[in-house]
Amino acid sequence: MDVIKRRLGRKIEKAFVRAMNGIIDRKEYFLEKLSQDMCRGLESIKEECLMEELYTHLEELQENMKGMVKQSIKAGNVDENRHSVLGAEIEKVQNRMNKYSLIKLNIE
């Protein structure tokens, strides 16, 4: 039984050494693939963070707009300049979100 275990152990060791030598011989290829996979993973994390920031910013702008509308109702007048600025900023953030969503769809 010990002889079988030693032979099996040597065969496993030789197979491992062959596999490692194959990796070492092609290390540039494996490093390039590893680098590509890491970048792909980091890009998706970056996109998720950016989208979260855009959603948060959009929610803040929408809350500001609601507050401004409530103030306008109470005061009986509308600050058209402030309304235009907030509306333009909301539209800008929405366009940016749509742009990233379309880019992501085209990549996938």
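Trainee: What should I know about the model before we start?
Mentor: It is a predicted model: local features need pLDDT of at least 70, side-chain atom pairs count only at pLDDT 80 or more, and totals for chains, interfaces and linings use all residues. Residues are numbered from 1 along each chain as its sequence is written, and side-chain values use heavy atoms, with hydrogens and water left out.

Trainee: How many salt bridges does the count come to?
Mentor: One, taking a side-chain nitrogen of Lys or Arg within 4 Å of a carboxyl oxygen of Asp or Glu. Glu 63 pairs with Lys 66, with their closest N and O atoms 3.4 Å apart.

Trainee: Where are Glu 63 and Lys 66 relative to each other in helix 2?
Mentor: They are three residues apart, so about one helical turn separates them. Helices here are DSSP runs (H or I, at least four residues), numbered from the N terminus.

Trainee: Switching topic, where does Ser 72 lie?
Mentor: In helix 2, which covers residues 27-75. Ser 72 counts as buried because its relative accessibility is 12%.

Trainee: Which residues does Ser 72 touch?
Mentor: Asn 77, Val 78 and Asp 79, leaving aside residues up to four places away in sequence. Contact means heavy atoms within 4.5 Å.

Trainee: And Lys 11, which helix is that in?
Mentor: Helix 1, residues 2-25. Lys 11 has 61% relative accessibility, so it counts as exposed.

Key. Helices (H or I, at least four residues) and strands (E, at least two) are DSSP runs, numbered from the N terminus. Buried means under 20% relative accessible area, exposed over 50%, partly exposed in between (1.4 Å probe, protein chains only).
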